[in-house]
Amino acid sequence: MKKLVVANWKMNPQTIEEANNIFSGIKRTAQKITGVETVICPPFLYISAFKLKDSLVKLGAQDAFWVNPLAGKGPYTGEISPDMLKMAGVKYVIIGHSERRENFGETNEMVNKKVKAALESGLKVILCVGEKERDHEHAYLRFIKTELEEGLRGIKKTNFKNLVIAYEPIWAIGKKGAEADSPESVLQMSIYIRRVLQPIVGKELTHDLPIIYGGSAEPVNAEAFLKEGKVQGFLVGHASLKPEQFNEILKIANES
Ligand code: PGA
């Protein structure tokens, strides 16, 4: 199976020129890398600017609303629907990123509605889960279980083939590579996540479902996460704005 490496640009960069530069810098390398599915998630505003023709790079969005105007009405000022994204050439969407949960009060119920609408549109959904902190009593495991169970409630089993889980411990986001989670702990976490997913998603799909790691993924730790942590790829924040760093991660993923 191909690795999946997703660039989460967040609210960056400031200008369309810079966005185009970063995009072309990544595209040049991604073009030659066949063992990796490369996805770039820019701010909504830049999505239509990128020329994807003949490119291996896929486009993603950082969020999507839970109502599709094609299925109903859309009086939702400021929102973007999964159908609109699909028509703009988007293939993936990140849902439930911890920054949206924290800054915009997104609950598991809201995340669930978004996951549902996006999957129904045919987008591939990268559902983010992760704990704020680890405690000795392991309450954080229950927290992640709830995020998964409530986030995926009532979704058609056939739609799960388009689901990816991004495990992103919040305490490891936006740090340095050395402060990321450890590969051993991410391996344990993926095993746990698959155990929780099995009754929801079904045995077979759970086995094939990609689990990617996010939280200061950088060239320095990428190989260990892939080899020892056995992740299927990465959700990359700060390092995705620097083509030389992101491309390095792509190369490592291609070879691991
Ligand atoms: P980071 O961000 O790589 O800067 O830690 C990851 C994310 O928030 O998706």
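Colleague: How far is the sulfur of cysteine 41 from the closest cysteine sulfur, and in which residue is that sulfur?

Modeller: Happy to start there. This is a predicted model, where local features need pLDDT of at least 70, side-chain atom pairs count only at pLDDT 80 or more, and totals for chains, interfaces and linings use all residues. Residues are numbered from 1 along each chain as its sequence is written, and side-chain values use heavy atoms, leaving out hydrogens and water. The closest sulfur to that of cysteine 41 is too far for a bond, at 9.4 Å, and belongs to cysteine 128.

Colleague: How many disulfides are in the whole structure?

Modeller: A disulfide is a covalent bond between the sulfur atoms of two cysteines. Here the term stands for a pair of cysteine sulfur atoms within 2.5 Å. Cysteine 128 is in no disulfide, and a search of the whole structure gives a total of zero.

Colleague: Is cysteine 41 buried or exposed, and what about cysteine 128?

Modeller: Buried means under 20% relative accessible area, exposed over 50%, and partly exposed in between, with a 1.4 Å probe and protein chains only. Cysteine 41 has a relative accessible area of 0%, and cysteine 128 has 2% relative accessibility. Cysteine 41 is therefore buried, and cysteine 128 also counts as buried.

Colleague: Which backbone atom is 2.6 Å from an oxygen atom of the ligand?

Modeller: Let's look at the backbone around the ligand. A backbone N or O atom of glycine 237 is 2.8 Å from a ligand oxygen, and one of serine 216 is 2.7 Å from a ligand oxygen. At 2.6 Å, the atom you want is a polar backbone atom of glycine 174.

Colleague: How many residues of the shell around the ligand are charged?

Modeller: The residues around the ligand include Asn8, Lys10, His97 and Glu168. Asp, Glu, Lys and Arg count as charged; Ala, Val, Leu, Ile, Met, Phe, Trp, Tyr, Cys and Pro as nonpolar; and the others, Gly among them, as polar. The shell has three nonpolar and seven polar residues, and the charged ones number two.

Definitions and conventions: A residue is near a molecule or strand if one of its heavy atoms lies within 4 Å of it. A polar contact is a pair of N or O atoms within 3.5 Å; within protein, one must be able to donate a hydrogen and the other to accept it, and residues adjacent in sequence count only if both atoms are side-chain atoms.
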